[in-house]
Amino acid sequence: MTDQPNTAIPFTDLPEGTVTFLFTDIEGSTQLLKALGEHYATLLADQRQILREVFAAWNGHEVDTQGDAFFVAFARATQAVGAAAEAQHRLAGHAWPEGVAVRVRMGIHTGEPWSGQEGYVGMDVHRAARIAHVAHGGQVLLSETTTALVRDELPPGVTLLDLGRHLLKDIHRPERICQLTIEGLPVEFPPLSSLEALPPESARPPRVVGACPYRGLSAFQEPDAPFYFGREAFIDALEHAVRAKKLVAVIVGSSGSGKSSALFAGLLPRLRKAGGYLFASFRPGGQPFYSLAGALLPLLEPGLSKTDLLAETRKLAERLASGEIALAQVIQRILDDSPGIR
């Protein structure tokens, strides 16, 4: 079989649009020629007659013939499969010269080639030829496209055997190839002679994907610290201010400018690593004193149950709002109960 098939079309009524291609050739034709000598011409004539009769019966269009190789086009994939199965039966039952065995390999693929005066062109033609090229004598191989079209309309006594995914010469996309198993004919063949047999997609080891660093419009939080960078000078200044002063307010900047990210993903991880700090964070919301009390109370009374925490939060919020208890008093009590905390 030639790598680049001659596609000169001797017909004017070839199928157009979606076309199924069938490529065939005899395995070991050179050895048969050496063994038979002048009788090889009889073998070749018989093979051509059998195939042409079968192809015509299944509405196949002979596009090209070179030596022992055929290139045939069908309007329907089921016609190509039916022709291949019948041809293999006819070839297997024929009495060949000198009792030799003639084994023809076949490849079938369905696609949408371009056609014109010079014949069919496009990767679908070459894909069909490549599929036939990796088969063994007596074997019929189908592309995944053809398999999907004929799976529910196979001829009687014909089934499909999945041979897996294969890399074919000069074809960039791996091909899942199926074999026709034809009742009464051999079904076991050596591995395909493709460039590489690929594992099933389900058997591929899962790709390890790390955490996505992109946060969109959301602020960076403490767990995002490994992905937060570019504000080192500002974070250095904040850290220095916190260590030097009792109160540092960060209030400058419009919404979305990165204030929360700088605090949670920049400053807080540094202070936690350094140690000697307690942290309480909250958003004021519609009840700022209640939110403040909810953030401070777990530090002030760490042993409270959830029920007691709800009740005491309300009490502390009311006293902070009325001025009965000052925020400085609460903070001082937390510091007094936490030795080593600044």
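A pocket is an open set of grid points where a 1.4 Å probe fits, with protein on both sides within 12 Å along at least five of seven lines, and its lining residues have an atom within 4 Å of a point. Keep that in mind as you work through this predicted model.

**Exercise 1. Describe the lining of the largest pocket.**

Solution. 
- Step 1: Start with the space itself, a volume of about 1800 Å³.
- Step 2: Look at the lining, which is made of 36 residues; nearest the centre are Lys-246, Leu-247, Val-248, Leu-278 and Ala-280.
- Step 3: Find the helices involved. Helix 6, helix 7, helix 8 (288-300) and helix 10 (327-336) each give the lining at least two residues.
- Step 4: Sort the lining by class: 27 residues are nonpolar, four polar and five charged.

**Exercise 2. Work out how helix 6 and helix 7 are oriented to each other.**

Solution. 
- Step 1: Locate helix 6 at residues 232-244 and helix 7 at residues 259-274; their axes come within 10 Å and cross at roughly 50°.
- Step 2: Helix 6 is therefore oblique to helix 7.
- Step 3: Pick out the contact residues, among them Phe-234, Ile-235 and Leu-238 of helix 6 and Leu-263, Gly-266 and Leu-267 of helix 7.
- Step 4: Sort this contact by class, and you get nine nonpolar, one polar and five charged residues.

**Exercise 3. Describe the crossing of helix 2 and helix 3.**

Solution. 
- Step 1: The axes of helix 2 (residues 40-57) and helix 3 (residues 77-93) come within 9 Å, crossing at roughly 145°.
- Step 2: This crossing is right-handed.
- Step 3: Contact residues include Ile-50 and Leu-51 of helix 2, with Ala-87 and Leu-91 of helix 3.

Terms used. Residues numbered from 1 in each chain as written. Predicted model: local features only at pLDDT ≥ 70, side-chain atom pairs only at ≥ 80, totals over all residues. Heavy atoms only, no water. Axes fitted to C-alpha atoms, helices over the stretch in contact; angles between N-to-C directions. Helix = DSSP H or I, 4+ residues; strand = E, 2+ residues; numbered from the N terminus. Parallel < 35°, antiparallel > 145°, perpendicular 65-115°, else oblique. Contact = heavy atoms within 4.5 Å. Nonpolar A, V, L, I, M, F, W, Y, C, P; charged D, E, K, R; others polar. 1 Å grid on protein atoms, 1.4 Å probe; cavity = no way out; pocket = protein on both sides within 12 Å on 5 of 7 lines; lining within 4 Å. Points joined across faces, edges and corners; volume = space filled by probe spheres on them. Left-handed = near helix turned anticlockwise from the far one by under 90°.
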